[in-house]
Amino acid sequence: MLFRTAACIALLCALGAWPAGAQDRRQNAPGAFDFYVLSLSWSPSFCAEVEERGGRGSRSQQCSGRPYSFVVHGLWPQYENGYPEYCEQPAPRLPRNIMTSMLDLMPAPGLIYNEWDKHGTCAGLSAKTYFETIRKARAAIKIPEEFLDLSQAKTVTPTAVEEAFIKANPKLTSSAIAITCNRTRLSEVRICLSKDLEFRNCDEVDRQACRRDEVNMPPVRGG
């Protein structure tokens, strides 16, 4: 029986099916986590992927032609290994006025509601305080000038993007940032922050970074 259990665990790990919360003894307890990841999505890449799939999102506020560059995907509580999610089920209802107040940073209502349900409930904060924390975290990050109004598609290396963020944010180190990508495009910049919103190292997040030599950054729309 012991052998069979161990074999099942090995199979779950091999298939990537082992639940994230099971990696930490705290088991999705709200407020019991080690640090945050602030995820900044390159909006033109997201919108290009939506259009390729023929999704309705291509007509959304985010993808309707307004000049969005990096937008906030989320602020995610993390364990040193793994992460909690959906820590309150059902999640407390997110007031509509809080959702609308975040549209300048997260220009998609569905995203805001989902981030609250999946990640915000794990922060151990009220909805108001959680989204205020997102705003503070975003304000602490300076976007490199070359990415603010990118009028033409650009081919970059993940290392160059990382170095640009480090240069723009002198206290940021390479161990506290990870660039992610899909098959051809830059997807996100993920920055690790303490609960006090100070830069901090995060080995597991860093190991999940993009390994491609080059990626494409589609231009900002409607700029």
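Why is strand 1 (residues 35-42) largely enclosed by the rest of the structure? In this predicted model, local features need pLDDT of at least 70 and side-chain atom pairs count only at pLDDT 80 or more, whereas totals for chains, interfaces and linings use all residues. Residues are numbered from 1 along each chain as its sequence is written, and side-chain values use heavy atoms, with hydrogens and water left out.

Strand 1 is largely enclosed because eight of its eight residues are buried, that is, under 20% relative accessible area with a 1.4 Å probe and protein chains only; strands are DSSP runs of E of at least two residues, and helices runs of H or I of at least four, numbered from the N terminus. In a regular strand the side chains alternate between the two faces of the sheet. Phe35, Val37, Ser39 and Ser41 point one way from strand 1, while Tyr36, Leu38, Leu40 and Trp42 point the other way, and all are buried.

Strand 1 pairs in the antiparallel sense with strand 2 (residues 70-78) over eight bridges, pairing being assigned if DSSP finds at least two bridges between two strands. Gln78 of strand 2 is the bridge partner of Phe35. Strand 5 (residues 186-193) also pairs with strand 1 in the antiparallel sense, over six bridges, and its Arg190 stands opposite Ser39.

Key:
Buried < 20%, exposed > 50% of the residue type's maximum accessible area, 1.4 Å probe, protein only.
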